[in-house]
Amino acid sequence: MDSELKFFDSDTMNRTTYDKLSEWNNELIQHYIINDVILGIYLILGTSGNAVVVLVYAFRMNKKKDDRYFIPFLAVVDLLACVCRSSLELAMNFNPVRFQGSVLCKAVWFPTNVTAIASIFLLLVIAIQRYLKVCRPFGQQMTLTCKRFSLIVCIFVAVSVSAPLIVFNDEIEVINPETNVTGYVCDTDVKSHYGQGFLAYIIFASACSLILMVALTILNICIGRTIFKQFRAKHRRKSCNNVISRHKVSVCAQSDLLNVDPDVSLSDTETSFKPQKNSSQGAQNNSQTNINSSTESDTQNRSTMSFSHRYSIMFMAIGVAFIISYSPRLILLFITLHDPKFFGKISQTNLTILSVIREMNVVNNVVNPFIYGFFDHTFRKETRKICFKVN
């Protein structure tokens, strides 16, 4: 009888603890409603947008264009990164103090980190390719083998950098001082691993992030400056060609009069002037043909240059979007390193706002399809065909 009573009391206590934990969890869920809506938008736009990019660039557009080579791969990585990150953040928001399981926590964080890091390093590879193409057009360029090798390196680096986080990401116990109930959070366990190894890794990761941002900034500035110089030179050349064209036509027209010999008789002038006029007319036509041929060649070169520049500017915009979306998260990381208990000291409202800022890095994976659509009219055309089923 006593044993049954003890079992009943223990079961009642466990149910009470579970109810308190559920009540605490449900109370915290209310604070993340705005975050959940934003993450839902990220998930929908990022998944659908990058899926369309993969479909269009991989199967419906000219694969011989060197400028488009990395786009399908970047879209696949962005798609996976958006799904992994948004889903994980949503899961943590729905279970703010009830995310139990150390193995589960490590398993969901690892692909999230790998895809995010792979996307960042792929942006650096693309920036290097654009720099070589725009700023060093007569130098050595990326070959197909080099491009494939760079993709493998990006994946290898992403896995290597993410591997230590398997140890640092873990189930963390949090205690509610009011109800004395223990909850569970899935995140980086700073308190347990705060030592030389953890600090060394964080400093290394932070330094890599800063170096990547600085490198992207420098490369994009060089690319932008070169494009500006080429546009200015093209404008001057176009103006010069127009002046030369008008000058040549004027010279050819004046040559009809210059071909007349003043010492010949009028009859000789009339008879000799006609063939000379035909000859000068032929010269004028040849001159005009050369001008047209030169104009067509110049137009083709400008079209090719414009295509390359359009893609360079497009990738510059993607790099800028990455820097803007990741900077707030990097700032929060430095604040946490300075004060590991920072998030425990702020109010729930401020914590919600900081969560929105921390989740801004997903924008880097969501915004790219819209940048493609803005700069690439062929992509827009093919996307409309897919959406409206126009063949």
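This dialogue goes through how to read several features of one predicted model.

Visitor: What should I know about the model before reading it?

Guide: The model is predicted: local features need pLDDT of at least 70, side-chain atom pairs count only at pLDDT 80 or more, and totals for chains, interfaces and linings use all residues. Residues are numbered from 1 along each chain as its sequence is written, and side-chain values use heavy atoms, with hydrogens and water left out.

Visitor: How many helices and strands are there in the chain?

Guide: Helices (H or I, at least four residues) and strands (E, at least two) are DSSP runs, numbered from the N terminus. Here the chain has 14 helices and two strands.

Visitor: How is burial read, and what percentage of the chain's residues is buried?

Guide: Buried means under 20% relative accessible area, exposed over 50%, and partly exposed in between, using a 1.4 Å probe and protein chains only. Of the 391 residues in the chain, 37% are buried. As for total surface, the chain exposes about 22700 Å², and 65% of it comes from carbon and sulfur atoms. Accessible areas are from the Shrake-Rupley method with a 1.4 Å probe; for residues, only the protein chains shown count as cover.

Visitor: Take S150. Is S150 buried or exposed?

Guide: S150 has a relative accessible area of 9%, so S150 is buried. It sits in helix α5 (residues 144-162). A contact means heavy atoms within 4.5 Å. Setting aside neighbours within four places in sequence, S150 contacts F70 and V125. Across the chain, 82% of the contacts between residues at least 6 apart in sequence join residues at least 24 apart.

Visitor: How many salt bridges does the structure hold?

Guide: A salt bridge is a side-chain nitrogen of Lys or Arg within 4 Å of a carboxyl oxygen of Asp or Glu. The structure holds two. One joins R85 to E89, with the closest N and O atoms 2.7 Å apart. The other joins E382 to K385, at 3.7 Å from N to O.

Visitor: Where do R85 and E89 lie relative to each other?

Guide: R85 and E89 are separated by about one helical turn, because they are four residues apart in helix α3 (residues 71-94). R85 counts as buried at 5% relative accessibility, and E89 is buried at 1%.

Visitor: And where are E382 and K385?

Guide: Both lie in helix α14 (residues 377-388), three residues apart, about one turn of the helix. E382 is buried, at 11%, while K385 is partly exposed, at 24%.

Visitor: Which residues form the charged surface patches?

Guide: Patches are made of residues with over 30% relative accessible area and no salt bridge; like charges are joined within 9 Å, and nonpolar side chains (Val, Leu, Ile, Met, Phe, Trp, Tyr) within 5 Å. Lys and Arg count as positive and Asp and Glu as negative, with His and the chain ends not counted. The place of a charge is NZ of Lys, CZ of Arg, CG of Asp or CD of Glu. D19, E23, E27 and E178 form a negative patch. R225, K229, R232 and R236 form a positive patch; R232 lies in helix α8 (residues 196-258).

Visitor: Which residues make the nonpolar patch?

Guide: I33, V37, I41, L45 and F370 make a nonpolar patch of about 450 Å². Helix α2 (residues 33-59) gives the largest share, four residues.
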